[in-house]
Amino acid sequence: MSNVAIFTAPGFTASSWNTAFGKPQLHVYPDADIQALDACDVVLIHSARSDWTMLVKQLQQSKLVLVISQQLALVELQVALSSGAKGYLDAGSNSVNFIQAVAAIRNGALWIPAALLNQLNRFLSKAIPSKTTWQTFAGQLSKREFEVASLVRQGLSNKAVAERLFITERTVKQHLTATFAKLGIKDRLQLIMLL
């Protein structure tokens, strides 16, 4: 038995769910039996359900909640996170994305799709101007780590950062991992808020 449950809309299932989670508990609208979730630590809730926000608010107190959507949108992401969800993902994602998203929220990080995260990064970097300089972090980060972090804050993907700095994507990931560890943060969103 899987320790993941999925609350979905009628007529929507994905084979990637079974590939990712074995046999997750499936609750199709109007089924909202939260009593059957004792063995589950993660609950995925499809935003096509008319009761999705109520379920998120109710379940986030005792479970890790990931909202899945057929049409990703910043407004829906905001509602999901404001309601207590720990992540947001395309409902038709492949099994690897589902596994990564669930692992991330189990480790205390937020999961936001890269495309939306880049949009959010660009918005936040304009809305919250950076007051930090290399000197602010000189004792904690290497100069290259700071350069990578600054470009990520601007909304660039790992690939774009790699191209801009003439390094590999793997090197970008290594710099980000080191930066997160040194600054005591878990994800890109926390990095944006810090820088």
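I started with His46 and looked up how much of it is covered: His46 is buried, at a relative accessible area of 0%. Buried here stands for under 20% relative accessible area, with a 1.4 Å probe and protein chains only. This is a predicted model, where local features need pLDDT of at least 70, side-chain atom pairs count only at pLDDT 80 or more, and totals for chains, interfaces and linings use all residues. Residues are numbered from 1 along each chain as its sequence is written, and side-chain values use heavy atoms, leaving out hydrogens and water.

Next I looked up where His46 sits: it belongs to strand 3, residues 42–46. Strands are DSSP runs of E, at least two residues, and helices are runs of H or I, at least four, numbered from the N terminus.

Then I asked what surrounds it. His46 touches Phe7, Thr8, Ala9, Phe12, Trp52, Ile68, Gln70 and Ala91, leaving aside residues up to four places away in sequence. Contact means heavy atoms within 4.5 Å. I also found a polar atom of the His46 side chain 2.9 Å from the backbone nitrogen of Ala48.

Stepping back to the whole protein, I noted ten helices and five strands. The radius of gyration is 18 Å, close to the 16 Å of the globule rule for 195 residues, so the protein is as compact as a globular protein of that length. That radius is taken over C-alpha atoms, and the rule is 2.2 Å times the number of residues to the power 0.38.

My last entry is on burial: 48% of the 195 residues count as buried.

Key:
Buried means under 20% relative accessible area, exposed over 50%, partly exposed in between (1.4 Å probe, protein chains only). A polar contact is a pair of N or O atoms within 3.5 Å; within protein, one must be able to donate a hydrogen and the other to accept it, and residues adjacent in sequence count only if both atoms are side-chain atoms.
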